[in-house]
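I am opening the notebook on the interfaces of this model. The entries below follow the order in which I looked things up.

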Amino acid sequence: MKIEELAKNVLAGEKRSIAKAITIIENNSREARKLIAAIYPHTGKAHIIGITGPGGSGKSTLIEKIIREYRRRGKTVGVIAVDPTSPFTGGAFLGDRIRMQELAVDKDVFIRSMATRNYLGGIARATRDAVKILDAAGKDIIIVETVGAGQSEVEIAKIAQTVIVVFAPGLGDEIQAIKAGIMEIGHIFVVNKADRENVNKAVIDIKAMLQLNNKEKSWKPPVLKTIALTGDGVPQLIEKIEEHKRYLKSREERKRMREKAEKELLEAIKEKTLDIILEEMKEKGEFEEYLEKILKREIDPMTAAEKILEKKLRSN
Amino acid sequence: MIGERKIRVLIAKPGLDSHDRGAKIVARALRDAGMEVIYTGLRQTPEQIVETAIQEDVDVIGLSILSGAHNTLFPRIMELLKQKGLTDVLVVAGGIIPDEDIPKLKEIGIKGFFGPGTPTDKIVRFILENTPKRREIS
Amino acid sequence: MFDREEIDKIIKERERWEKTTLPKWINTRPERKNVFTNLSGIPIKRVYTPEDIKDMDYMRDLGFPGEYPFTRGLHATMYRGRLWTMRQFSGYGTAEQTNQRFKYLLKEGETGLSIAFDYPTIRGYDSDHPMARGEVGVCGVAVSSLKDMEILFDGIPLDKVTTSMTINGPAAMLLAMYIAVGDKQGVPREKLGGTTQNDMLKEFFAQKLIIFPPKPSVKLVTDIIEYCAKHLPKWNPISISGYHIREAGANAVQELAFTLYDGITYVESCLERGMKVDDFAPRLSFFFAAHNDFFEEIAKFRAARRLWAKIMKERFHAKNPRSMWMRMHVQTAGFTLTAQQPLNNIIRVTIQALAAVLGGTQSLHTNSFDEALALPSEQAVRIALRTQQIIAHESGVANTVDPLAGSYYVETLTNEMEEKAMEYIQKIDDMGGAIAAIEKGFFQKEIADSAYKYQKEIDEKKRIIVGVNEYSTEEKYPIEILRIDPKVEEEQIARLQKLRRERDNRKVKEVLEKLHYAAEKNVNLMPTIIDAVKAYATLGEICDVLRKVYGEYKELIVI
C-alpha cells in the first residue's frame with residue numbers, strides 16, 4: 001500500500017488503516033513524516049483530553065465510563081493508552097485496555113495501546129502524531145491516558161487540551177509524591193472511588209495543593225467526585241470538560257493554539273536536527289569518538305556540541 | 001530517531017475459564033524478550049479479540065484456553081480474522097487442547113500449539129522465527 | 001523439651017562432626033546442589049537435630065490432639081476414630097445427567113454430594129447469554145434457575161444428603177435455590193447440611209471468577225454467614241480457600257498466609273455486623289492444596305491449624321474451642337499434573353495425598369491423572385479414589401495420630417511456615433487489610449512473581465519435573481477423552497426460554513424490583529434472593545440487578 005492510499009483510508013476512518021498508520025508513527029519510519037504531512041490539513045477538529053494519575057486511582061475504569069457517556073451523546077471516541085517500556089528488555093506490557101474491552105467492538109471507538117519505547121525526548125512526539133491520526137480519522141474526542149509516574153504526565157500537557165488528573169481516597173502518599181508538576185498541568189481534578197472513606201479529606205488536600213500551585217488565574221480547576229465502577233459523577237465530569245472546551249474557545253484559544261504550535265515547531269526542529277546530525281555521526285563513528293573524549297575529560301559536552309554543529313553547518 | 005520495529009503480541013483468553021497463570025507467564029516471558037504484549041484479560045469474545053488485533057495492529061495472537069470450548073471458539077476467531085483480512089497474523093494457542101483436536105485447528109490456520117509443560121523460551125523462539133515480516137508500506 | 005546441658009552437648013558434637021566426618025564425605029561425594037530449598041524458597045539444612053527445636057515447648061506448641069493449639073489434629077483420635085471424608089468433586093452436562101449420577105452415587109453408599117457448576121453459572125450468566133456459547137454444561141452442570149435445581153435434586157431428599165457447592169460469586173443465589181428446593185420437599189431449613197465455597201476474596205487475586213467489586217462481594221459473603229448462623233445451623237457457609245491461590249502460582253507460605261488473612265477479613269466483617277465470634281466461627285471451614293514438596297506441605301497443614309487457633313483466641317477472643325478449629329478440606333494440586341507421561345501423575349497424586357493425610361486433613365479430593373489433558377475419564381476418577389483408599393487401609397499411616405510430630409525437621413519447618421506466614425499477615429495489616437492489598441495489587445504481584453520464578457526454575461532445569469524437563473520420551477499415552485455433547489447447550493437453552501415464557505413475569509418483575517431496593521438499602525439480601533428464585537427469576541436476572549447496584553468488577557492485572 002502506498003502512503004497516499006493509506007492516508008486516504010485513514011481519512012475515511014477505516015480501522016485497519018488507522019492501526020497501521022499508528023504503527024508507522026510508532027516505528028518512526030521515514031514514511032511517518034510523509035503520512036503526517038498528508039493528513040495534517042484534516043486535523044484540528046477533535047477535542048483532546050489527557051488523563052493521568054497514580055496507579056490504583058481507577059483511571060481506566062473512569063475512561064471506560066467517559067467513553068460510554070460520550071457515545072451516548074453521539075460522539076466518536078479514540079483512546080491512546082500509554083504504558084512504560086522496560087528499560088532493561090525493551091519490551092512492554094500493555095494492559096490498560098482490559099477495562100475498555102466491551103467498547104472494542106463499537107465501530108465508533110478506537111483504542112490503541114502504545115509503549116513509551118525509548119524515544120529520545122520522551123513519548124510526546126509519537127503520541128502527538130498518533131493523536132493526529134485519530135483526529136484525521138474523524139474522532140470527535142481523543143483521550144490520552146498515561147500512568148502518573150515519571151515525566152510522561154507532564155508531557156501529556158503538551159498534547160492534550162484538557163488535562164484531567166485522577167486520584168483516589170487513601171492514596172495520600174501518592175498525592176504527596178506527585179508534587180507540584182502534576183498539579184500545574186491539571187485543568188480538572190477528580191477524586192475517584194468516592195464511595196470510600198476519606199473522600200472529603202482527599203478533596204480538601206487537593207484543593208489546598210491547588211491553591212499553592214494555581215498560576216493560571218482565569219480557569220479555576222474544579223475538584224470533582226466520581227465512582228467509576230457505577231458511573232456516578234461521570235456526566236458532571238463531561239459537563240466540566242465541555243465547559244473547559246468552551247473556555248478555551250472563547251478566551252484564549254488563539255493564544256494557546258499558537259503556543260502549542262510554537263512548541264511543536266521548536267521540538268520538531270530540535271528532533272529533526274538531531275536526527276540528521278546523529279545519523280551521520282553514528283555512521284562515521286564520530287559520536288563514539290566524542291563520547292570517549294568527554295569521558296577522558298579532553299573536551300566538555302558543550303564545546304563538543306559547538307564543534308559538531310560548526311562542522312555540520314560548514315559542510316552544508 | 002529511527003525507531004525499531006517491535007513485535008506486538010496480543011495475549012487473549014477466550015472462554016469463561018479463569019486459569020490465567022499460563023497466559024501471564026507467557027506474557028511476561030515475551031515482554032522480557034523485548035516484545036510489546038497487549039493483554040486483554042479474561043473472558044474475551046471472538047469479536048473482541050479480532051477487533052483488538054486490528055486496532056493494536058499486532059503481529060501475533062496468542063490464545064489461551066482451558067475450559068474445553070476451543071472447538072467452538074477458535075474456528076469463530078479464525079473465521080473473523082479471515083473476514084477482516086487479517087491473514088498475515090501469526091496465531092498460536094496454549095492451554096488444554098487434546099492432541100486429536102490439533103490437526104483440525106491447524107487446518108483452520110493456527111500455527112503453533114503449546115500445551116502444559118512447554119518451556120517459555122520455546123514459545124519465544126517460535127514467535128521470533130515465525131512472525132511474518134511486515135509489510136505496512138510497499 | 002530438652003535441657004540446656006543436653007543441647008550444649010549436641011552443639012559440641014555437631015561442631016565436631018562438621019570438622020571430622022562431614023568434610024570426608026563432602027570431598028569424596030560433593031552434594032548435588034549448593035543450596036537446597038523447598039518450594040517456598042526456605043533453605044533446607046543438611047540435617048536437623050534437637051538444636052533446631054531447642055526452644056520448643058511441647059504443651060505450648062504441640063499439645064495433645066483435640067486440644068489447643070490443635071497442631072496435632074482437631075480430634076483426639078483422628079483417623080483411628082473416623083477416616084477422612086473422601087469427597088470427589090464432579091459434575092457436567094445437564095441437570096438431568098447430574099441427577100442420575102447423584103442417584104447412582106447414593107445407591108453406592110455415598111452421602112456427600114459435590115456439585116461443580118459450569119462457567120456461565122459461576123460467572124452469574126444464564127445459559128443463553130452470548131458469553132456462554134460453547135461453555136454450557138462443559139466443566140460442570142448448568143443451573144440458570146430454580147427449575148434446574150429442582151431437576152438436579154429430583155427424588156433426592158435433602159435431609160438425607162449433604163451437598164458441597166463449589167460456587168462463589170453467585171453463592172447466595174444457588175444457596176437460595178437449594179433452600180427453595182428443601183422448602184418444596186418439606187425439609188426444615190435447620191436440617192440442610194452442606195457447604196458453599198463462598199470465598200470471594202481469593203477470587204480477586206487468584207481464581208478471578210469475579211462478578212461484583214470487593215466490598216459488595218464481602219458483604220454478600222457476610223450475608224450468607226449471617227443467614228446460616230440464624231437459619232441453617234448445619235450448613236458450612238464458607239470454605240476459605242488457599243487452593244486457588246496456590247494454583248495461581250503462590251508458594252506454600254503465601255498460600256497459608258493469604259488464606260488465613262482472608263479468614264481474618266471475613267471474621268472482622270461478621271464482627272462489624274454485630275455478630276458474636278462464637279456464634280459463627282465454628283462453621284468456618286478451609287480448603288488447601290497439597291503440592292509436591294512432601295514435608296513442606298505437612299508442615300503447612302500443621303502450622304495452619306496452630307496459627308488459626310492462635311488468631312481466633314488471641315486476636316478475636318473466641319471462647320468456644322470449636323471457634324479455634326481449622327477444619328480443612330484438601331485437594332491435590334492440579335497444577336502439578338503433567339500432560340507428558342500422564343500415568344506419572346498417579347504417583348504425584350499419591351505423594352500429595354499422603355502429605356494431606358499426615359497433615360491431618362478432614363477431607364480429601366485426589367485428582368485424576370488425565371486432568372492436564374481433558375476432563376477426567378471414569379477410569380482415572382476411579383484410580384484417584386482408590387489412591388485414597390490404599391492410603392487409608394493399606395499403608396498404616398492412619399493408625400496413629402500425627403505420626404511425624406517430634407521430627408526435628410518437620411517441627412522446624414512447621415515453626416518456619418508459621419513465622420513466615422505471620423510476617424505476611426503483619427504486612428497486610430499494615431497495608432490496611434485484604435481489600436486494600438487487593439487494590440494495590442499486592443497479592444497479585446506476589447503470586448505472579450512466585451509463578452514466574454517457579455516456571456523459570458523449570459525452564460532452567462533448576463527444578464526437575466519428571467517427564468517434562470528431564471526423562472522425557474516421545475511416546476504418547478492414549479487417553480480416553482470425555483466430550484460434552486453440544487446438544488446439552490441446546491436443550492438447556494430451550495428449557496430456559498420455555499421457563500421465561502411460562503412463569504409469572506409480572507411477579508418476576510416485582511421480586512427483582514424488591515431486590516434492587518433491598519440492595520441499595522444495605523440489608524441482608526438472603527431473604528429477598530430466596531423470594532426471587534422462588535418466583536423463578538433466573539440467576540442472570542438476579543445478578544444483573546446486583547450488577548446495576550454494585551457495578552461490575554474487572555480484575556486488576558499484575559504480571
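I started with a salt bridge, that is, a side-chain nitrogen of Lys or Arg within 4 Å of a carboxyl oxygen of Asp or Glu. The side chains of C:Arg133 and B:Glu47 form one, at 3.9 Å, N to O. I count 3 salt bridges between chain B and chain C.

On basis: this is a predicted model, where local features need pLDDT of at least 70, side-chain atom pairs count only at pLDDT 80 or more, and totals for chains, interfaces and linings use all residues. Residues are numbered from 1 along each chain as its sequence is written, chains are lettered from A and ligands numbered from 1 in the order written, and side-chain values use heavy atoms, with hydrogens and water left out.

The buried area (accessible area, 1.4 Å probe, lost by two parts on being put together, summed over both) is about 3,300 Å² between chain B and chain C, with 51% from carbon and sulfur atoms.

Next I turned to chain A and chain B. Their contact takes 38 residues from chain A and 36 residues from chain B. In chain A, A:Arg16, A:Phe93 and A:Gln101 lose the most area to chain B, together 17% of what that side buries. I count 7 salt bridges between chain A and chain B, among them A:Glu26 with B:Arg8 at 3.4 Å, N to O.

Methods. Contact = heavy atoms within 4.5 Å.
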